[in-house]
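This report describes a predicted model.

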Amino acid sequence: MRLRKPVARIDLTALQHNLHQVRQLAPESKVLAVLKANAYGHGMLQVAEQLQQVDAFGVARLDEALALRAGGVVKPIVLLEGFFDADELPQIVASNLQVVVHQQEQVDAIVAAKLDAPIRVWLKMDTGMHRLGLAPEQFQMAYQSLSASANCLPGIRLMSHFASADDQQSPDTQAQLQCFYQHSQGLTGEISLANSAGVLAWLESHQQWVRPGIMLYGVSPLLQPQEMTIELKPVMTLCSRVIAIRAIAAGETVGYGSTWQASVATRLAVVAIGYGDGYPRNVANGTPVLVHGKRYPIVGRVSMDMLTIDIGRDQVASGDEVVLWGKGLPVEEIAVKAGTIPYELLCNITPRVDFNYDP
Ligand SMILES: Cc1ncc(COP(=O)(O)O)c(C=O)c1O
């Protein structure tokens, strides 16, 4: 029996291909693969298991790191937001996790703690993102306090995060680089600056560690992806199936709010996917899907479990597969139609979607 429900097909060979592209672009750098938010919706443990050749994993939160450890992952894991209370430190030591330190409270907590073993620290400077990070003027002092503490492993890593590296025309990334080098002058330690956009577009930012996320999943973060010198392959292909075909007369409308009206008599296919599965409700009329490799427009509103496409006179039948994004239909294109970014679409797939991992 063929289930007529949404499936996210995860192409693990494409994941390997994308990692290879990172290595080609940054051959001298170690790779910290970012796996937060369930590996951008792809399945954190499955992705971690596949990425045996990377040097470390990055997650946002302690529970994500603990889930990786519980799943048998032994590689270094970096908590990209660090810790928030000193009472998390024993667990961090026990699970052999590494921490980003981005504010003075964390520096003080590490220095004051009684730990069973020293921890690996990635000291983060705010060079212009103004989200997390020590002010550039506080950076040297924090470094000195931590390097004098027995709770901190020697070889503190130095990092920052870009705000606008996806925009190759923006002067902000150069300014952030300059700020970082100026205020870390004289400090020793491996440096990490580049997210995917840094890997792709700012070669001078690669340094000892790169931190790719979205590009591993086959999606370009660049505002002008046509300027990419390499090819990324989509890892997730989101599919579902047709559950009904119906004729509609000229002048009839379809879906909630009757937002689309047939100008001529046509046929519609009803597809088993909706916002309850994570497909965005707010895509524009005309957003494409693929059936048998051909594009068809979504017409009418996306509802919780279904959407409708205009198939005209074409041979599309109940049970046929429909691709919502992925191979042949970039998620970047659907994100534009939904007024968002691919990251959000990938993360928003809900638990009622099945996941299939190939090979
Ligand atoms: C600190 C840090 N480094 C790297 C990344 C990876 O970014 P991207 O997915 O754009 O490569 C993120 C994700 O937002 C991050 O927060």
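## Packing of α6 and α7

In this predicted model, the residues Q104, V107, I110 and V111 of α6 meet Q138, A142, S145 and L146 of α7. Sorted by class, the contact of α6 with α7 comprises five nonpolar and three polar residues, with no charged residues.

Helix α6 spans residues 104–112 and helix α7 spans residues 136–147, and the two pack at an angle of about 15°, their axes lying 10 Å apart. Since angles under 35 degrees count as roughly parallel, α6 and α7 are therefore roughly parallel to each other. The crossing in which α6 passes α7 is left-handed.

## Domain arrangement

The domain assignment of the protein places residues 12–218 in domain 1 and residues 236–358 in domain 2. Taken over C-alpha atoms, the centres of domain 1 and domain 2 are separated by 37 Å. To the contact between them, domain 1 contributes nine residues and domain 2 likewise contributes nine residues.

On the side of domain 1 that touches domain 2, helix α2 (residues 36–41) gives the most, with three residues. By class, this side of domain 1 has five nonpolar and four polar residues, and no charged residues.

Key:
Residues numbered from 1 in each chain as written. Predicted model: local features only at pLDDT ≥ 70, side-chain atom pairs only at ≥ 80, totals over all residues. Domains from an automatic or database assignment. Contact = placed C-beta atoms within 7 Å. Helix = DSSP H or I, 4+ residues; strand = E, 2+ residues; numbered from the N terminus. Nonpolar A, V, L, I, M, F, W, Y, C, P; charged D, E, K, R; others polar. Axes fitted to C-alpha atoms, helices over the stretch in contact; angles between N-to-C directions. Parallel < 35°, antiparallel > 145°, perpendicular 65-115°, else oblique. Left-handed = near helix turned anticlockwise from the far one by under 90°.
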